[in-house]
Amino acid sequence: MSSLNKLAAALALALAAGGAMAQEGPWLVRVRAVHLDAANKDSTGLGLSINNKTLPEIDFSYFITPNIAAELILTYPQKQRLYSNGAEIGSLKHLPPTLTAQYHFNPTGTFRPYVGAGLNYTRFSSVKFAPAVAAALAPSIKRNSFGLALQIGADIELAKNLYLNVDVKKVQIDTKVYSKGVQAGTFKVDPVLVGVGLGMRF
């Protein structure tokens, strides 16, 4: 094959890839129902834990290439009950936006698996303790958490630009716990998040 023919073939492949991207569009928006299963690892000796729960999630993915996408994962502040050795001692809210970079293995197929890795930021707010606990321990927690996030999932084409999504994430979320201003230990939520939802490509 001559150099001119090779160039023509390369241009044809590039135009075909560009046409596929243009047809679907670079944006994919998903809504999911996600079950949060907390690891509840506590070094304070108080046996701290939060409840597991199902929560709504929305994410916005932008495809930089057919295989590589960036995904921003969002929800609204989630209220959790806080326990010590199984007894409820208070509550808190957490807002955990997560940004991942993904690799999509089969970007034009009906079944489109992917893996991702990125960073989670969690903001704790509305932290409340039972009056007896507050009086005895004067507890408080660090309000900001940064950690890694790992992800595996798949989009399954249901119709043109409409996808069923299944997604599993492992996220590092923790906070330092204080009593009367002195650090008592670290509480690691470190949840597994299992989600199912729908996505629209445009």
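Modeller: Start with the term. A cavity is a set of grid points where a 1.4 Å probe fits but cannot get out, and its lining residues have an atom within 4 Å of a point. Keep in mind that this is a predicted model.

Biologist: How many cavities of 30 Å³ or more does the search find?

Modeller: Three, over the whole structure.

Biologist: Which residues lie nearest the centre of the largest cavity?

Modeller: Glu57, Thr75, Pro96, Thr98 and Leu193. They belong to a lining of 16 residues.

Biologist: Which strands each supply at least two residues of that lining?

Modeller: Strands E4 (53–63), E5 (68–74) and E12 (162–171).

Biologist: How do the lining residues of the largest cavity divide by class?

Modeller: Nine are nonpolar, five are polar and two are charged.

Biologist: What volume does the second largest cavity have?

Modeller: About 60 Å³. Leu36, Ile50, Leu92, His94, Phe124, Ile173, Phe187, Val189 and Pro191 line this second cavity. Eight of its lining residues are nonpolar and one is polar. None is charged.

Biologist: What average pLDDT does the chain have?

Modeller: Read pLDDT as the predictor's confidence in each residue, from 0 to 100. Here the chain averages 92, and 89% of the residues score at least 70. Residues 14–22 fall below 50. In the model, that stretch has five contacts beyond near neighbours in sequence.

Key
Residues are numbered from 1 along each chain as its sequence is written. This is a predicted model: local features need pLDDT of at least 70, side-chain atom pairs count only at pLDDT 80 or more; totals for chains, interfaces and linings use all residues. Side-chain values use heavy atoms; hydrogens and water are left out. On a 1 Å grid over the protein atoms alone, a cavity is a set of points where a 1.4 Å probe fits but cannot get out, and a pocket is an open set with protein on both sides within 12 Å along at least five of seven lines; lining residues have an atom within 4 Å of a point. Grid points are joined across faces, edges and corners, and a volume is the space filled by probe spheres set on the points. Helices (H or I, at least four residues) and strands (E, at least two) are DSSP runs, numbered from the N terminus. Ala, Val, Leu, Ile, Met, Phe, Trp, Tyr, Cys and Pro count as nonpolar, Asp, Glu, Lys and Arg as charged, and the others, Gly among them, as polar. Contact means heavy atoms within 4.5 Å.
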